[in-house]
Number of protein chains: 2
Amino acid sequence: MNDTSSNPDTRATVTQLIIALEETALRRWCAGDPSGFLELSTDDIVYFDPFLPRRIDGLSALSAHYEPLRGSISAEKFELINPLVQLIGEAAVLTFNFESRNGNEAPARWNCTEVYRYAGDRWQIVQTHWSFTGAGVP
Amino acid sequence: MNDTSSNPDTRATVTQLIIALEETALRRWCAGDPSGFLELSTDDIVYFDPFLPRRIDGLSALSAHYEPLRGSISAEKFELINPLVQLIGEAAVLTFNFESRNGNEAPARWNCTEVYRYAGDRWQIVQTHWSFTGAGVP
């Protein structure tokens, strides 16, 4: 892909595509299937979430982190709040707030940054950062 | 700048440069001066930290968030742990774990993702995500 990030049509198309990829992976995640994200991620992915003592480096380490969760996660409803894509050539930076919930439970609230890279034929995730919204508010 | 991200010399040079920019801004931050980060950030920066109810969009909103902190933050020592730069053309994704401390206090431990964009003459931050390491561990 050439760098067409200054083309408004391209920007709009890539934005829609990236958000659709993320929503599809999240739908699988909320049904207990981490493979949606694993299939989207590159071999050199780097990854943060609040349950880790440090950054995870690489797809095999991320797979090992996710496999024990298979089948154990479920959320009936989820929402990407105000998703935004910053397009920089063959990089796309997706940020959003996220809420998921089951029944009448209080929602889980997250901040998320995903960096996608265009790999010649498709967009893949090279960096994931999940954190709790408001974790530092007493 | 042409996309020279496949050139190993360029990758090494950009990695060193990005880490040096971040360390310089962190040195000012730890001395109570948020302007290092504000001067590095683009007008369209997006930003997460654990004290916010949602993503901040734009430099003026980030400035308003940071100004009350001016002079109130201090850390005698800090360390970027295992900083890594993923270079994607004119985007550079910096991730690291971070520890800061005063005296014999327990260190503050953070995850950080910074996305830099090359702006023709210098690298600037377009996305910042700070979160607490292990916030989800009981």
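Q: Which residue of chain B comes closest to the rotation axis?
A: Ser131(B), with its C-alpha at 3.0 Å. This is a predicted model, where local features need pLDDT of at least 70, side-chain atom pairs need 80 or more, and totals for chains, interfaces and linings use all residues. Residues count from 1 along each chain as written, chains are lettered from A and ligands numbered from 1 in written order, and side-chain values use heavy atoms, without hydrogens or water.

Q: What rotation puts chain B on chain A?
A: 180°, with 0.0 Å of shift along the axis and an RMSD of 0.0 Å (least squares on C-alpha atoms with pLDDT of at least 70 in both copies). The two copies are thus related as by a two-fold rotation axis.

Q: Through which surface do the copies meet?
A: The same one, because 100% of chain B's interface residues are also interface residues in chain A (contact: heavy atoms within 4.5 Å).

Q: Switching to aromatics. How many pairs over all chains?
A: 22 (Phe, Tyr or six-membered Trp ring centres within 6.5 Å; planes under 30 degrees stacked, over 60 edge-to-face, the rest tilted). Trp29(A) and Phe37(A) are edge-to-face, 6.3 Å centre to centre with 70° between planes.

Q: What about Trp110(A) and Phe132(A)?
A: Tilted: centres 4.6 Å apart, planes at 45°. Trp110(A) is buried at 15%, while Phe132(A) is partly exposed at 24%.

Q: Which aromatic cluster holds them?
A: One that also includes Phe51(A), Phe78(A), Phe96(A), Phe98(A) and Trp130(A).

Note on methods: Buried means under 20% relative accessible area, exposed over 50%, partly exposed in between (1.4 Å probe, protein chains only).
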